[in-house]
Amino acid sequence: MRCRGGTVLGSALTLLAVPVLAACSGGGGSDDDDVREAAEAFLADWAGGDAAAAAEGTDDPAAATALLDQTAADLPEATLAADLGDVEVGDDGAATATWTATWDLAAAPDWSYEATLRLREADDAWQVVAEPALVHPELGEGQHLEVARSLPDRAPITDATGAPIFVPTEVVRVGVDPGGVTDLPALSAALSAATGIAAEEIVADVQATAAGQFVSVIDLRRPDFERIRAQVFDLPGAVFPVVTRLLAPTPRYAIGLLGRVGPATAEILDETAVDGRPVYAAEDQLGTSGLQRAFQEQLTGTAGFTVTVVSTDESTGDEGRQIDAVQPVPGQPVQTTLVPAIQNAAEAAVAGQALPAHVVVVRPGTGEILAVASNEAANPTNALSGRFPPGSSMKTITATALLGAGAVTPQTPVPCPGTTVVEGREFENQDQFDLGTVPFTEAFAESCNTTFIQQALALPDDALAAAAASYGVGSDWQLPVDVFGGSVPADSTGTTKAADAIGQGQVLMSPAQLALVAAGVAGGTPVVPVEVVGAEPAGAAPAGPDAAVLDALRPMMRQVVLTGTATALAGRGEVYGKTGTAEFGTAVPPESHGWFMGYQLAGPQGDIAFAVLVEAGQSSRVAVGVTDAFLGGLG
């Protein structure tokens, strides 16, 4: 019934999720108020997702229900916001109410337009006229809306020169159409033999998928597919749609930093194609990790859309009449600091190692990350955010603390016995080598554990942490892709303090952070990591050790290469560094990671600092070998 009097709402009302009801009370109302109340109730119910309640406020609930349900199907997952405007009441029992529709479309910009509701007075109440124009003024009888998204090309992630890293690349999607399979066990076995994907996985995926739907087995670049083509192409039920994807030069290219980009979905479009194979289409390309994910919105830009009015009866062949469109907005590129020649050399170096291996390269003076490489055996996130004991690579930091405290100079004679005991626990050098008393530089170059333990125990308990912090170790770097800043406790004592001094105990480091330490030594100024050109600083610049400490430390690191534990690198130019063998786990004897951290001055790619980790390499020798391959690949 019509409410005479009551609360009069404003001239414009945003209706989102719940109906807005005007209260009825005594007093002198007007037809304008009643029309507004009816229009508001209808729009509130519709915007709130209650099509049945909205339809009850019309002159033909059945027709209105069908119309609103059709609109919901036309605009899937869209939500409506309705702003009611002016109301006009005629003398003939008819009225109009203008309103603004704003549809929050799924994965597309909002769509707004002006519309008008017609209302009629019946049985002492106003009702909205159930006609297509209440949805959109261009919509007529027997018609409905059709929305099509249009996507801009994904903007590139570029290298330090501005050249795109991910480029359009042809990919063959090896898969199965369940409807075409005649012998599933045989098909799965053959696909497994060719691709390495477990046959039982293929069987389970096919059995769980309806005929006509694509079951993905593996996506291969065209050259990789051609190598198995003869084994799989004629298998009944196997399908090989070809799509174009944005791909890096190699499947593992800087994956720890860049991440991956792939399709959101893929589905069969029709059953006719080249060679009689089904045609599939991939939709949006989505960043799934790394910079691709961190900058997803910037790279993808904004989708556009077109809205057409088409006949509800598909048999008419009506292709529709466009009534609105929004053009897509291209994304903006993201420029990394990666240098292709350095990245390629790092990729080749880790690829030659069967064990999980990582190389991270940093520019001294700037902190720019020049390369991040992890081989197929490795978890690529470990290059930047992995947490590993650094072993004797930590002696660079321990030496910094000792030199800074004035406890030693490079020439100070220090004992290097084969073993030393701390609080009843015996620590030893590798194979218990005993150098006797030697200059501190020699103890460093030969990586004498006992020397560093004995000397470090005399330092204040927080000395190692303070020296580490001077290089930025322990920083919570704020970066698009996380870099673990390392951890050196400030309160260790006794055996733990002894173990910390040689990179065991509670000390943890990532390859990226160890490369940053090397960069700080090389450049004289500790650096903040940089992944993206023009980005906000990842943190405050570390204070850095005194220049005199670094001047003393650098010749010691050079001696490691000339006469110490990394002589295999002596022919690679002006290389400085420190090896590390880091025990981990509970095996007897314990397993060990292999490390090398250091820098090269005036090399083929200028001054570079780097860290190399071979997980479970058992010795620093394997890391030195990867370093040798990397430096050799620079030209």
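## Charges over rings

In this predicted model, the charged end of R229 lies over the ring of F233, at 4.3 Å from the ring centre. A second case involves K578, whose charged end sits over the ring of F444, 5.8 Å from its centre.

## Aromatic pairs

A pair of aromatic rings is described by how far apart the centres are and by the angle between the planes. Rings count as paired when their centres lie within 6.5 Å, and by this rule there are 11 aromatic pairs. One of them joins F610 and F630: the ring centres are 5.8 Å apart and the planes stand at 70°, so the pair is edge-to-face. The cut-off for that class is over 60 degrees.

Elsewhere, F42, W46, W99 and W103 come together as one aromatic cluster.

## Backbone exceptions

Most residues other than glycine have a negative phi, and most peptide bonds are trans. The peptide bond between V588 and P589 is cis, with omega at about -5°. P589 is located in the loop between β25 (574–584) and β26 (591–603).

The other two places concern phi. A107, which is not a glycine, has a positive phi near 55°. Its loop runs between β3 (94–104) and β4 (111–122). A107 counts as exposed because its relative accessibility is 56%, and the cut-off for exposed is over 50%. A616 is not a glycine either, yet its phi is positive, at about 55°.

## Helix α12 and its two partners

Helix α12 (residues 395–404) packs with helix α14 (residues 449–456) at an angle of about 40°, and their axes are 11 Å apart. The two helices are therefore oblique to each other. The crossing of α12 with α14 is left-handed. On the α12 side the meeting residues are K395, T398, A399 and L402, and on the α14 side they are N449, F452, Q455 and A456.

The axes of α12 and helix α18 (residues 547–562) come within 10 Å and cross at roughly 140°. This pair is therefore oblique as well, but α12 passes α18 in a right-handed crossing. Here T396, A399, T400, L403 and G404 of α12 meet V549, A552, L553, M556 and M557 of α18.

How many of the 8 residues of α14 are buried? The number is 7, and the helix is mostly covered. The buried residues are N449, T450, T451, F452, I453, Q455 and A456. They pack against α12, and also against β21 (413–416), β22 (419–422), β23 (425–428), α13 (440–445) and α16 (494–501).

## Two loop residues

F433 is in the loop between β23 and β24 (436–439). Its relative accessibility is 23%, so F433 counts as partly exposed. Leaving out residues up to four places away in sequence, F433 touches C416, P417, G418, E446, S447 and C448. The C-alpha atoms of F433 and P417 are 7.4 Å apart, and the two residues are 16 residues apart along the chain.

T302 occupies the loop between α9 (296–300) and β16 (304–311). T302 is partly exposed, with a relative accessible area of 38%. Which residues does T302 contact, leaving aside its neighbours within four places in sequence? They are P109, P152, P328 and V329. T302 and V129 are 173 residues apart in sequence, and the distance between their C-alpha atoms is 36 Å.

Conventions:
Residues are numbered from 1 along each chain as its sequence is written. This is a predicted model: local features need pLDDT of at least 70, side-chain atom pairs count only at pLDDT 80 or more; totals for chains, interfaces and linings use all residues. Side-chain values use heavy atoms; hydrogens and water are left out. Rings of Phe, Tyr and Trp (its six-membered ring) pair if their centres lie within 6.5 Å; planes under 30 degrees apart count as stacked, over 60 as edge-to-face and the rest as tilted. A charge sits over a ring if NZ of Lys or CZ of Arg is within 6 Å of the ring centre and within 35 degrees of the ring normal. Helices (H or I, at least four residues) and strands (E, at least two) are DSSP runs, numbered from the N terminus. Buried means under 20% relative accessible area, exposed over 50%, partly exposed in between (1.4 Å probe, protein chains only). Axes are lines fitted to C-alpha atoms, for helices over the stretch in contact, and angles run from 0 to 180 degrees between N-to-C directions. Angles under 35 degrees count as roughly parallel, over 145 as roughly antiparallel, 65 to 115 as roughly perpendicular and the rest as oblique. A crossing is left-handed if the near helix is turned anticlockwise from the far one by less than a right angle, and right-handed if clockwise. Contact means heavy atoms within 4.5 Å.
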